[in-house]
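Open the model in your viewer and keep the selection tool at hand. The stops below tell you what to select next and what is there.

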Amino acid sequence: MELQFSDLGAARLVLRATSQALVEGELPLPEGRKSAEVLCVDGSVSVSGAAAGEGAVTVEGRVRVELICRDGDEVFAFASSAAFRHSLPAPGAKEGMTAEAFAALQSISVEQTGALMLSAVLDVECMVLQAAPLRVLAGIRGAEDLERREQTFETVRTDVLGQETVRIREEISAPNAAAVLRASGVCQLRETHVGGAAAISEGTLTVTALTVGADGKLAQFVQHVPVTLETEADGTGMDAVLPVAEAEVEAIGLALPEVDGGMMSVEARIAVRVEALRKESVTLPQDAYAPSLPLSCVREEVQLLLRGETVRFRFGASETLGIPDGMPECYRVAYCMARPVVTSASIEDGRLTVEGLLFTRVLYQTEGGMLYAFTEDIPFRCENAGAGKLTEARAQVRVVSAAASGAGRGIELSYTLQVTAQPYAVVKTHAVTGMEECAPAERPRGVVIYFAGNGETLFDVGRRFNLPRKRLLEMNPGLSETLADGQKLVLLL
């Protein structure tokens with residue numbers, strides 16, 4: 001007797017862990033600035049790496065901070081960043097395991113206490129996966145009557161075809177802009193084509209800027225710039241696979257020409273990641289027996305991490321914001337900034353629901369030209385029907401654009417969000433990883449009339465009476481694998 005095995009590359013989850021990390025530190029002022037009153041704070045977080053160790057996972061990354069400040073009557077903006085390193089307790093984690101980490105910026109504030117002091121709270125989540133493939137029973141040499149009960153799971157594997165940072169330069173319209181204080185950008189890709197050794201992605205770069213006009217007034221504008229991004233990508237074997245691409249704006253800058261022509265140049269550095277999504281079936285043997293051999297199964301409990309296709313969609317809405325009591329009326333809106341925080345992401349009957357809060361900061365001027373700011377937290381809820389049969393999701397929401405207008409005590413805010421969600425499910429099950437010799441079981445002899453129980457299968461009956469499926473079907477022609485409750489079988493033992 002010789003056992004035969006196969007290796008399955010299914011992702012196996014060891015554990016999930018969550019934690020909060022506090023990032024604090026002093027933010028240096030730009031050269032030439034000695035003091036600053038903070039008007040607006042925005043930020044984002046990126047994870048650069050995660051490593052599993054004995055009972056813990058260490059996550060590293062960086063918090064990026066963007067500020068709009070006032071020094072006397074002058075408004076200025078600058079960006080800074082702070083690195084973080086956070087260790088999560090992860091019972092069961094060991095060196096050599098694979099760790100996937102995700103971080104979300106829960107809150108961020110900058111206080112002026114002689115210096116600018118950053119305080120940011122991060123929600124950190126990690127998944128620890130087995131690095132080695134799962135070794136399962138494939139057969140037994142010399143036991144042609146081996147019967148196996150199997151279960152098949154559907155998952156999606158993501159292969160990276162290429163990743164590259166692309167630099168672009170475009171001209172956009174900017175009437176009346178005399179100076180640029182702050183610029184940000186979001187790049188959305190609509191479609192990607194891979195051919196040969198290159199991938200070409202078509203999309204839109206949305207540019208948001210805070211400018212100073214020729215009249216000295218602050219103003220916000222939003223421009224949508226069509227972009228074509230070409231990156232290196234290995235397209236081998238792509239005939240039956242759909243490529244997708246993600247883009248992240250690493251840096252963006254706006255420059256005004258020396259002669260006012262109503263235009264400005266946009267230079268951006270965009271990180272592009274091209275992936276191929278492959279649907280796969282994972283089949284696990286969950287029970288087995290061989291009528292000709294006295295054997296018992298060796299089973300291992302496993303947690304499969306099943307992934308679905310990434311869901312991407314846009315969501316737009318409008319809200320009316322009221323000027324808080326005690327603050328003067330608005331004459332004109334100068335700028336608004338919005339930062340989304342996801343509070344929940346769920347899937348029910350294939351429908352994805354993402355809920356969260358949009359932390360909004362509005363700068364406005366009074367009729368006398370004084371600058372004021374207020375904050376309002378706006379709940380949002382968006383849905384999409386393309387999540388498939390999985391049960392959980394991890395969602396990321398970005399603000400594509402946010403603009404406010406109005407006067408008096410009411411401000412109209414319009415915003416567009418880009419939602420990216422990864423559906424998944426964690427399935428606890430067993431797999432047959434071996435067979436052991438055991439004492440032969442005593443079986444009745446003669447003709448047996450057997451009535452199937454609820455949910456029983458041919459495999460269950462065959463295992464109970466040590467008969468192969470083929471023999472059962474010979475004695476009871478026309479049987480299906482799943483038997484009806486009380487269905488009669490005639491067995492000759």
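Predicted model: local features only at pLDDT ≥ 70, side-chain atom pairs only at ≥ 80, totals over all residues.

Begin with the hairpin of strand 18 and strand 19, which has five residues between the two strands. Strands here are DSSP runs of E of at least two residues, and helices are runs of H or I of at least four, numbered from the N terminus. In the turn, select glycine 369, where phi is positive at about 95 degrees. Strand 18 covers residues 351-365 and strand 19 covers residues 371-384; the two run antiparallel and are joined by 14 bridges. Two strands count as paired if DSSP finds at least two bridges between them.

Residues are numbered from 1 along each chain as its sequence is written, and side-chain values use heavy atoms, with hydrogens and water left out.

Next, select residues 392-405, which are strand 20. Of its 14 residues, 10 are buried, so strand 20 is largely enclosed by the rest of the structure. Buried means under 20% relative accessible area, exposed means over 50%, and partly exposed lies in between (1.4 Å probe, protein chains only). Strand 20 runs antiparallel to strand 21 (residues 410-437), with 13 bridges between them. Glutamate 392, for example, has tyrosine 424 of strand 21 as its bridge partner. This hairpin has four residues between its strands, and glycine 406 has a positive phi near 130 degrees.

Stay in strand 21 and select valine 419. Its relative accessible area is 0%, so valine 419 is buried. Which residues does valine 419 touch, not counting those up to four places away in sequence? They are Val311, Arg312, Phe313, Val354, Cys382, Gln396 and Val397, where contact means heavy atoms within 4.5 Å.

Now move to the largest nonpolar core, which has 34 residues. A nonpolar core is a set of buried Ala, Val, Leu, Ile, Met, Phe, Trp, Tyr and Cys residues joined through side-chain atoms within 4.5 Å. Select Val63, Val65, Leu118 and Leu122, which have the most contacts inside this core. Strand 7 (116-129) is among the elements that give two or more residues to the core, and its share of seven residues is the largest. Leucine 118 touches residues including Val23, Leu27, Val65, Ala82 and Ile108. A second, separate core has 32 residues, including Val311, Phe313, Tyr364 and Val419.

Strand 13 is joined to strand 14 (residues 263-289) by 13 bridges. Opposite arginine 269 in strand 14 you will find alanine 251.

Which residues of helix 1 are buried? They are Leu458, Phe459, Val461, Gly462 and Phe465. These residues lie on the same side of helix 1 because they cover an arc of only 165 degrees around the axis, the arc being that of the directions from the helix axis to the C-beta atoms. After helix 1 comes asparagine 466, with a positive phi near 55 degrees.
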